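Dear colleague,

I am passing this structure on to you, and I would be grateful if you could look through it alongside the notes below.

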Amino acid sequence: MDLELSDDQFDLRDNIRSVLEGACQPALVRSIYDGGGSADALWTQMVELYWPALGVAEDAGGLGLGFVELGLLAEELGRVAAPGPLLAVVSQFIPVLTEAGAEDELAAAAAGESVGALALAENGRWDLDAVDATATEANGGWRVSGTKAAVLAGAHADRFAVVARTDSGIGAWLVDAANSAVTITDVIDPGLGLADVAFEDAPATLLLAPGPATTEALTRVIEQATVAMALHTVGACRRIFEVTLEYAKVREQYDKVIGSFQALKHRFADMFLAVERANAVGYYAALAIAEDDEARAEAVNVAKAAAGDCQKLVAEDGLQLHGGIGFTWENDLHFLLKRAKAGEVLCGGRTHHRAQLAGRLGLLGASA
Amino acid sequence: MKLRFDDEVEAFRAEFLAWLDVNRPTPEEIAADPPISSAYVPEWSRSFTKRMFDDGWLVPGWPPERGGRNAGPIETLVYLEELNKADIPRTTNPQGLGIIAPSLLDFGTPEQIEQYAMPLLRGETSACLGMSEPDAGSDLANLKTRAVRDGDNYVINGQKVWTSGANFADFCFLFCRTDPDAPKHKGISIILMPMDTPGVTVRPLKEIVSPEHPDLNEVFLDDVILPASNLVGDENNGWAMANGSLAHERSMVWLMGVMGMESSMRELLDTAPARLEALPEAEQAIVADDIAGLYVDTVASRCLGYRGFARYVKTGSAPEQALMKVYSTEIRQDLARVAAELAGPDSLLTSTVRHGSVGSLEAYFTTFGSTISAGSSEIQRNIIAERVLGLPRS
């Protein structure tokens, strides 16, 4: 058992971090918050670096790295509150295409020629039981109807992988964005491009046919999306922690830097623990997915619950310890606060994942 | 990163399990004569320690002449895992085996090693650690017990407190001030003190649970005369040696905290479903959420502990050390409290009528020993903030 990143993984992380520190500076994020800014150049650069292809198998045109490496990417994107579709593409859309073995689509997504999003959530939930959207077969083709909420990068996508229901179970279909009504939702973090997407008899191509194997495949997709979102949240939280710590080392009150006060020191120690804790279980879950371990489902719940715990403590303390300055639009802190909060909500919050865990541990009658 | 240990490590585990199968003390033996104080060595523990020493399983990472087999740290880790799973105390004198014997091996004279360290390792004697004083608990460098050189002897006067196991120990690893004029950290020495030396008075302190089995003691030292040959290492160098010796077991201590937490969680999960079933649904959901939260903590503590251990093996240091002290002790406290809440009125039963610790308020109270001793949670948070995060001292 070795829960430490390898040297190669550390190198990859440092590489991603240094690129993002140059290409995704707060000024870019701010321009999108203020309206008028665009993440297009950032996306182009990411494509040139083959980031969308990171987790795609080599024979499908990708770099063939594992899920832990995708976790590193997700965390670093969170650390800079990156705008644009990459997180959705690598952790939601490509996993569906991979499960479906959709070679052409996968190659296009890996090459950045297409931008896809996973249309899953309904009724505020990211699990298969909550799916009401329907797919029907007619004249040798498929049609999908239903409304999906909070589709990550829905505003950026040119195609959707839509999870829908038929009489014989849950499946997944590919729908062109041109054939679906997209309402870009005004949310606290405009970089996420969250959108409600309404499908009304939209022409669709079958990706995963309904049946038990597809239910398992989509469960794996949701697990990947959830762990990536957990690590994304941890990345935003770690940065909140870092900037708050930097601030406490220079901000003076009563002729002392505020970081010398024991009451604050103890809060910093607790924040540090919350970040390390969520980070450690996040990569444990990523590893469980990468190795297809029997503990993977449980590890996913643990990771997302811990990310939620981390977000609650670090975002609250980070804002509080900044004092009034952290409450202003001019300070960059709020990009991270909003990204962390969104990350807690998306793919199910801590309460949801703790309830699921309680079910798995035999503490509640059925898995929630 | 990988979730499983390598085959060689698993082979080592299997070898130890096979040995343990033949040599382990039975649960009945342990229950009949439990380790009631941290320097009380029951007969079964004496012979078990001797067998571990002889067969190289006492401290696997050490050379054979010192009770080991030159095993690597990962092997030592799985060895501890198996002892924990089997619910067998590795030693009933943790300070003796974990801190005092290794310090003597590092800093003691050949005579001190022969006379004091080796009998400890063979389970023939036990020892206590004389550090804390009334004015020197967390502020350890403030200790006042004086040792004055008088010809070939030291004359010692002062008082120790919170001395675990002093009531059963054969000797004490005593921290004294030998230079009152030096800066606080600079004038401290370590002297070996047989507990039957004239002038040594031990007064056990009853604790809030199990008052019939005191572990903590006050130790009064009135004109205690010890030969200068009992000085460990160089005079006035006690602080540096203490830091070195505490580091000996620190990495393993956090892992044992993790393993202890996993045992407590297993016990809780064994008993919880039946208890929950008797509760109304709304209460079930609340208690289940509490336990699920603690389960997240248990998994996280394993991940942090094992990751920190990997870092420690690789680099010789890991910020997880102080983190894990706070985290593992506080979570065990939470676990014990939730288990007791779940047990309801049964939690009020004392250990004289109930056996085992699941759901007992006595077990909960006991956990405060760990959040207070060996550097309280508050001290640990200061250490994290100052040494790991670089915040200035107040």
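Two strands are said to pair if DSSP finds at least two bridges between them, and the helices (H or I, at least four residues) and strands (E, at least two) named here are DSSP runs, numbered from the N terminus. In that sense, the bridge partner of Leu129(B) in β4(B) is Phe173(B).

Before going further, please note that this is a predicted model, in which local features need pLDDT of at least 70 and side-chain atom pairs count only at pLDDT 80 or more, while totals for chains, interfaces and linings use all residues. Residues are numbered from 1 along each chain as its sequence is written, chains are lettered from A and ligands numbered from 1 in the order in which they are written, and side-chain values use heavy atoms, with hydrogens and water left out.

To stay with β4(B), this strand (residues 171-177) is largely enclosed by the rest of the structure, because seven of its seven residues are buried, where buried means under 20% relative accessible area, exposed over 50% and partly exposed in between (1.4 Å probe, protein chains only). Phe171(B), Phe173(B), Phe175(B) and Arg177(B) point one way from the strand, whereas Cys172(B), Leu174(B) and Cys176(B) point the other way. With strand β1 of chain B (residues 127-130), β4(B) pairs in the parallel sense over four bridges, and with β5 of chain B (residues 188-194) it pairs in the antiparallel sense over seven bridges. Within β5(B), Met193(B) is the bridge partner of Cys172(B).

In the loop between β5 and β6 (200-204) of chain B lies Thr197(B), which counts as buried because its relative accessible area is 10%. Its side chain reaches the backbone oxygen of Pro194(B) at 2.5 Å. If neighbours within four places in sequence are left aside, Thr197(B) is in contact (heavy atoms within 4.5 Å) with Val224(B), Ile225(B) and Leu226(B).

Turning to the two chains together, 46 residues of chain B are in contact with 45 residues of chain A. The area buried between them is about 4,400 Å², of which carbon and sulfur atoms give 66%; buried area here is the accessible area (1.4 Å probe) that two parts lose on being put together, summed over both. There are eight salt bridges between chain B and chain A, each being a side-chain nitrogen of Lys or Arg within 4 Å of a carboxyl oxygen of Asp or Glu. One salt bridge joins the side chains of Glu4(A) and Arg311(B), at 2.6 Å from N to O. On the side of chain B that touches chain A, the elements giving two or more residues are α7 (238-277), α8 (281-315), α9 (320-343) and α12 (377-388) of chain B, and the largest share, 20 residues, comes from α8(B).

From chain A, the buried residues of helix α11 (residues 350-360) include His353(A), Arg354(A) and Leu357(A). The buried residues of α11(A) pack against α7 (212-250) and α9 (296-322) of chain A together with α8 of chain B.

Finally, Ala318(B) is found in the loop between α8 and α9 of chain B and, at 11% relative accessibility, counts as buried. Leaving aside neighbours within four places in sequence, Ala318(B) is in contact with Gly308(B), Arg311(B) and Tyr312(B).

With best wishes

Terms used:
A polar contact is a pair of N or O atoms within 3.5 Å; within protein, one must be able to donate a hydrogen and the other to accept it, and residues adjacent in sequence count only if both atoms are side-chain atoms.
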